[in-house]
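Let's walk through this structure together, starting with a term that will come up along the way. Please keep the model open as you read.

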Amino acid sequence: MEKISIQKLFENINSLPKLAKKSEPTIKAVFRKLKSKKPKDLDNFVHNLHEEYFSEIDCLDCGNCCRSLGPRITENDIDRLSKSMKLKPAKFIEQYLHKDEDNDFVFKSMPCPFLAEDNYCMVYENRPKACREYPHTNRRKFVQILDISLKNRETCPVVYKISDDIVKKYQN
Ligand code: SF4
Ligand code: SF4
């Protein structure tokens with residue numbers, strides 16, 4: 001599998017979906033193995049890489065998730081965001097949200113309406129829970145979100161790199 005630096009991935013962010021698809025069969029095979037073996041050191045391994053890569057890059061130079069993924073917006077998110085914007089929840093929903101095919105609230109359109117040109121989040125303090133947690137590479141029981149991570153490799157350079165490193169460590 002072709003090894004690419006995190007900086008190169010940042011520079012070629014638009015090629016990420018294509019790159020991710022190319023190596024998907026290899027990643028899928030290793031993830032399948034991990035799901036059945038559930039190695040005890042997986043969380044530590046992934047969390048250390050999360051710290052390492054996020055210390056090397058700045059999400060403000062990317063913003064890819066805020067441009068392309070529609071986070072699920074919970075009732076709590078709606079309450080918090082509408083209050084911070086001094087809007088009634090119903091007005092907030094009418095203005096910014098619609099329901100997706102799973103009946104979850106998501107933004108009416110992407111890029112996110114709160115993404116500023118410099119990639120700052122205009123509602124950062126009150127951003128949705130899904131935004132706070134993305135890309136989930138620091139969560140416990142990482143083995144449970146391998147399928148989501150497989151998808152997130154197409155959007156987030158950090159998830160792409162961590163998946164590569166997982167393959168290197170666990171493929172044999
Ligand atoms: S609310 Fe903020 S963090 Fe979430 S998608 Fe929009 S700009 Fe990004
Ligand atoms: S979380 Fe990933 S996709 Fe989102 S801005 Fe940071 S590096 Fe980019």
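A residue counts as buried if 20 or more other C-beta atoms, placed from the backbone, lie within 10 Å of its own, as exposed if 12 or fewer do, and as partly exposed in between. By that rule Lys 141 is exposed, with 9 other C-beta atoms within 10 Å. This is a predicted model, in which local features need pLDDT of at least 70, side-chain atom pairs count only at pLDDT 80 or more, and totals for chains, interfaces and linings use all residues. Residues are numbered from 1 along each chain as its sequence is written, while chains are lettered from A and ligands numbered from 1 in the order in which they are written.

On pLDDT (the predictor's confidence in each residue, from 0 to 100), the protein averages 95.

Back to Lys 141: it is found in the loop between helix H7 and helix H8 (helices are DSSP runs of H or I, at least four residues, and strands runs of E, at least two, numbered from the N terminus). Its phi is positive, near 55 degrees. Lys 38 has a positive phi too, near 45 degrees, and sits in the loop between H2 (16-37) and H3 (42-56).

The loop between H7 and H8 also holds Pro 135, and the peptide bond from Tyr 134 to Pro 135 is cis, with omega near 5 degrees. Both residues are among those around ligand 2, where a residue is near if its C-beta atom, placed from the backbone, lies within 6 Å. Helices H4 (64-68) and H9 (157-170) each supply at least two residues of that shell.
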